[in-house]
Amino acid sequence: MFQNLQALPEDPILGLMAAFRADPAAVKIDLGVGVYKDQQGKTPVLRAVRAAEQAVLADQQTKTYLGPAGNDQFNALMPELVLGSKHPALTSGRLRALQSPGGCGALRLGADLLTVSGFNPTIHVSDPTWANHVPLLSGAGLKLERYPYFEARTGTVRFDAMLERLNTLPAGDVVLLHGCCHNPTGADLSVEQWRKVADVLLQRRLVPFVDIAYQGLGEGIEADAEGARLIAATVPEALIAVSCSKNFGLYRERVGALMVLTESSSQTTATASHLRKIARSSYSMPPDHGAAIVARILSDAALSDDWRNEVDAMRNRMLSLRRALSAALARTCSAEMAAVIEKQRGMFSTIPLTPEAVDILRERHHIYMTRDGRINIAGVSMEMVDYLAEAIGSVA
Ligand code: LMR
């Protein structure tokens with residue numbers, strides 16, 4: 001049965017974690033997988049998460065099944081976090097959330113929903129996009145194409161080219177948009193650009209699929225959701241995939257949500273029943289623990305405040321690192337590269353390095369990043385910024 005299966009290469013992102021751990025060098029830097037790290041290089045359990053987790057464990061009376069949609073309280077609170085409680089998509093009853101196993105689970109649920117819709121849409125992703133978007137979405141049977149997005153030299157969004165492409169797409173096609181902190185480039189749309197994109201989607205009857213996995217880590221919890229809010233207020237139908245991995249630090253608990261917006265509350269009810277069926281036939285129901293923690297935080301004012309402060313602290317640390325790395329790169333590389341790092345947002349930047357240069361950084365300097373030049377800005381400590389900039393300067 002399995003004799004034809006050949007061993008596959010490691011995942012381009014997750015494989016770096018194991019390679020980094022196995023490297024015995026005393027001085028090494030992990031800029032690979034997108035997890036937040038503090039100044040000590042640790043990925044801590046957030047204070048608010050620890051407190052909520054203890055409360056959940058103390059109160060929990062049963063571990064019986066919840067059902068394919070997961071935790072109802074979580075499903076009610078997540079749309080309020082992403083869109084704000086007064087958003088018309090919520091007050092009109094046209095939007096519903098379904099808990100998912102992480103942001104990946106949400107993306108896959110959405111892709112499966114598009115596949116069962118009977119419209120057979122093509123999904124258009126940014127060029128470049130997060131490496132796992134491709135297998136996740138095409139694995140569900142969707143045709144995948146790319147729209148122009150990133151100008152590597154200047155580190156900015158090719159907005160005119162993007163809009164021009166969107167303006168050629170047939171009605172019913174789906175456009176995947178990164179809600180904030182674009183992965184892998186860190187180059188985001190401005191609010192004005194989001195508005196223009198929302199108008200094109202509406203006019204051409206394209207369906208947005210917003211992936212928001214880093215809310216709070218770019219400009220702030222509210223500011224980072226501005227694009228998703230605009231889109232959901234403009235178009236009749238949309239999908240929004242949310243992850244709680246990064247902003248709640250709940251990576252391994254696998255908690256996220258898919259939100260579906262349709263033209264009417266009755267259509268949303270019908271669509272949600274299909275999502276529950278997809279969940280039931282894929283994994284039956286999502287794991288509860290992470291969602292119970294998030295629900296506890298979002299329903300408790302003191303815990304919510306503390307969590308928001310912790311998110312602000314993570315974001316501010318990454319912004320300080322950006323500024324420091326930018327200043328160091330101005331000395332070791334070029335003013336252009338420095339400007340690119342400074343203006344991008346979130347956990348990632350893509351710096352213009354060849355795959356061979358990335359290999360040299362790893363072999364000679366024990367600096368790990370994906371071969372497209374993506375760096376996780378949180379992976380470096382302040383003390384190592386100069387070492388990193390010198391090394392990049394030696395191969396750029
Ligand atoms: C990343 O982009 O590094 C993270 O989202 C982790 C992952 O699953 O790829």
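**Entry 1: the domains**

I began with the layout of the chain, which is divided into domain 1 (12-44 + 314-395) and domain 2 (65-299), with bounds that come from an automatic or database domain assignment. Before going further I noted that this is a predicted model, in which local features need pLDDT of at least 70 and side-chain atom pairs count only at pLDDT 80 or more, while totals for chains, interfaces and linings use all residues. I also noted that residues are numbered from 1 along each chain as its sequence is written, and that side-chain values use heavy atoms, with hydrogens and water left out.

Taken over C-alpha atoms, the centres of domain 1 and domain 2 are separated by 28 Å. The contact between them takes 21 residues from domain 1 and 26 residues from domain 2, where contact means heavy atoms within 4.5 Å.

**Entry 2: the ligand**

I then asked which residues are around the ligand. I found Ile13, Val33, Gly34, Trp130, Asn183, Tyr214, Lys246, Phe348 and Arg374 there, a residue being near a molecule if one of its heavy atoms lies within 4 Å of it. By class, this shell has five nonpolar, two polar and two charged residues; here Ala, Val, Leu, Ile, Met, Phe, Trp, Tyr, Cys and Pro count as nonpolar, Asp, Glu, Lys and Arg as charged, and the others, Gly among them, as polar.

Why does the ligand lie between the domains? Domain 1 and domain 2 both give residues to the shell around the ligand, so the ligand lies between them.

Next I looked up polar contacts, which are pairs of N or O atoms within 3.5 Å; within protein, one atom must be able to donate a hydrogen and the other to accept it, and residues adjacent in sequence count only if both atoms are side-chain atoms. An N or O atom in the side chain of Trp130 is 3.0 Å from an oxygen atom of the ligand, a polar side-chain atom of Lys246 lies 2.9 Å from a ligand oxygen atom, and for the side chain of Arg374 I read 2.8 Å from an N or O atom to an oxygen atom of the ligand. Taken alone the ligand exposes 260 Å², and the protein buries 83% of that; accessible areas come from the Shrake-Rupley method with a 1.4 Å probe, and for residues only the protein chains shown count as cover.

**Entry 3: two cis peptide bonds**

I looked for cis peptide bonds and noted one that joins Asp127 and Pro128, with omega about 5°. Pro128 has its place in the loop between strand S3 (122-127) and helix H6 (133-138); helices (H or I, at least four residues) and strands (E, at least two) are DSSP runs, numbered from the N terminus. I noted another cis bond from Asn183 to Pro184, where omega is near 25°, and Asn183 is also one of the residues around the ligand. Pro184 sits in the loop between strand S7 (174-178) and helix H8 (191-204).

Is Ala89 buried or exposed? Ala89, in helix H4 (residues 88-91), counts as buried at 0% relative accessibility, since buried means under 20% relative accessible area, exposed over 50%, and partly exposed in between (1.4 Å probe, protein chains only). Not counting residues up to four places away in sequence, Ala89 touches Leu83, Arg94, Leu95, Ala232 and Leu261. I also checked Ala89 against Ala233, which is 144 residues apart from it along the chain, and the C-alpha atoms of the two are separated by 6.5 Å.

Arg229 is found in helix H9 (residues 226-234) and counts as buried at 14% relative accessibility. The side chain of Arg229 makes a polar contact with the side chain of Glu222 (2.8 Å), and a polar atom of the Arg229 side chain lies 3.4 Å from the backbone oxygen of Leu83.

**Entry 4: positive phi values**

Last, I looked up phi in residues other than glycine, and found a positive value of about 75° at Ser284, in the loop between helix H10 (265-282) and helix H11 (289-298). Ser284 counts as buried at 17% relative accessibility. His366 has a positive phi near 60° and lies in the loop between helix H14 (355-365) and strand S12 (367-368), where at 23% relative accessibility His366 counts as partly exposed.
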